[in-house]
Amino acid sequence: MNPIDLASLLCSRLCHDLMSPVGALNNGVELLADEHDPAMRDRCMDLLAESARTSANKLKFFRLAFGAAGGFGEAIDTSEARTAVEGLFGADKRIETGWMVGDAKLSKGATKLLLNLALIAGDALVRGGRLDIGAETGANGLEIVIRAEGPRVVIDSGVKAMLVDGGDDAVEPRSAGAWLAHSLAQEAGGEIQLMEPGDGVLVIGATLPVQGQPTPPAQG
């Protein structure tokens, strides 16, 4: 995919996700300008603060997941990724998060892969639930496991196909993160596995080989 096309799709996704909290900020400012009752003004201020936090949390997450965050080093502190995940999903208490990442640092590519997989799984929790994020580096490389559980788990068919198979055709803003995740895994010599949602559970896994160690050929 052309880098400009990918940037456009990711910008569209970012704008879509920011539309609601930024719109709420705008509405809150307008209400505050016309409201003179002290109690209602306090309520407006609370709503403005909540919308501002939501906007900031989304920007922090997308900066790590899509952007060039992390400075000029090759690795990113996983505590930064954890803060981004908890800020995005935990603020409204709709999704409970669990963090089980053993490494203190991950490469930029691995961090982006983990965050994009977490975003896909979180989006699948249409009625809320629990999102568990795990990663550990062993002798065979890095293993990432994302588990989403809730009363209703739905993953878009286009996102699912893009995540597993990739391809430049029919990439849309909602599937741009899946395309990015697939490309990151492929570039690192790894792969992504997805377990079809069932009984309110979705599991997405990814394996990345040790840097410099090729992926072993399939047997059979």
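Which residues of the largest nonpolar core touch the most other members? They are Leu-113, Leu-117 and Ile-204, in a core of 55 residues. The legends below describe a predicted model, in which local features need pLDDT of at least 70 and side-chain atom pairs count only at pLDDT 80 or more, while totals for chains, interfaces and linings use all residues. Residues are numbered from 1 along each chain as its sequence is written, and side-chain values use heavy atoms, with hydrogens and water left out.

**View 1. Confidence along the chain.** pLDDT is the predictor's confidence in each residue, from 0 to 100. The protein chain averages 88, and 92% of the residues score at least 70. Helices (H or I, at least four residues) and strands (E, at least two) are DSSP runs, numbered from the N terminus. Confidence is lowest in helix H1 (residues 3–34), with a mean of 86, and highest in strand E5, at 97. Over residues 212–220 pLDDT stays under 50, and the model has 4 contacts there beyond four places in sequence. A contact means heavy atoms within 4.5 Å.

**View 2. The nonpolar core around Ile-204.** A nonpolar core is a set of buried Ala, Val, Leu, Ile, Met, Phe, Trp, Tyr and Cys residues joined through side-chain atoms within 4.5 Å. Buried means under 20% relative accessible area, exposed means over 50%, and partly exposed lies in between (1.4 Å probe, protein chains only). Among the residues touching the most other members of the largest core are Leu-117 and Ile-204. Helix H4 gives this core its largest share, 10 residues. Leaving aside neighbours within four places in sequence, the contacts of Ile-204 include Leu-117, Ile-120, Ala-121, Ile-144, Leu-163 and Ile-192.

**View 3. Strand E7 and its partners.** Two strands pair if DSSP finds at least two bridges between them. Strand E5 (residues 141–149) pairs with E7 in the antiparallel sense over 8 bridges, and Val-145 stands opposite Gly-205 in E7. E6 also pairs with E7 in the antiparallel sense, over 6 bridges; here Leu-194 stands opposite Ile-204. E7 is mostly covered, with 6 of its 8 residues buried.

**View 4. The turn between E6 and E7.** E6 and E7 form a hairpin with 2 residues between them. Asp-199 is found in this loop, between strand E6 (191–198) and strand E7 (201–208). Asp-199 is not a glycine, yet it has a positive phi of about 55°. Is Asp-199 buried or exposed? Asp-199 counts as exposed because its relative accessibility is 82%.

View 5. In helix H5 (residues 157–165), Val-159, Met-162 and Leu-163 are buried. Seen down the axis of H5, the buried residues fall within an arc of 100°, so they line one face of the helix. The arc is that of the directions from the helix axis to the C-beta atoms. An α-helix has 3.6 residues a turn, so residues three or four places apart point the same way. The buried residues of H5 pack against helix H4 (108–124), helix H6 (176–187), E6 and E7. The face turned away from the buried side carries the exposed residues Ser-157 and Asp-165.

**View 6. The two ends of H5.** At the start of H5, a side-chain oxygen of Asp-156 reaches to within 2.8 Å of the backbone nitrogen of Gly-158. After H5 comes Gly-166, whose phi is positive, near 70°.

**View 7. Thr-78 in helix H3.** Thr-78 lies in helix H3 (residues 78–90). Thr-78 is buried because its relative accessible area is 8%. Apart from neighbours within four places in sequence, Thr-78 is in contact with Trp-99, Val-101, Asp-103, Ala-104, Lys-105 and Leu-106.

**View 8. Thr-97 in strand E2.** Thr-97 has its place in strand E2 (residues 95–101). With a relative accessible area of 22%, Thr-97 is partly exposed. The C-alpha atoms of Thr-97 and Leu-131 are separated by 4.8 Å, although the two residues are 34 residues apart along the chain. Beyond four places in sequence, Thr-97 is in contact with Val-85, Glu-86, Phe-89, Arg-130 and Leu-131.

**View 9. Cys-44 in helix H2.** Cys-44 is found in helix H2 (residues 38–65). Cys-44 is buried, with a relative accessible area of 6%. Not counting residues up to four places away in sequence, Cys-44 touches Leu-31 and Leu-32. Cys-44 and Ser-107 are 63 residues apart in sequence and 42 Å apart in space, C-alpha to C-alpha.

Notes. A polar contact is a pair of N or O atoms within 3.5 Å; within protein, one must be able to donate a hydrogen and the other to accept it, and residues adjacent in sequence count only if both atoms are side-chain atoms.
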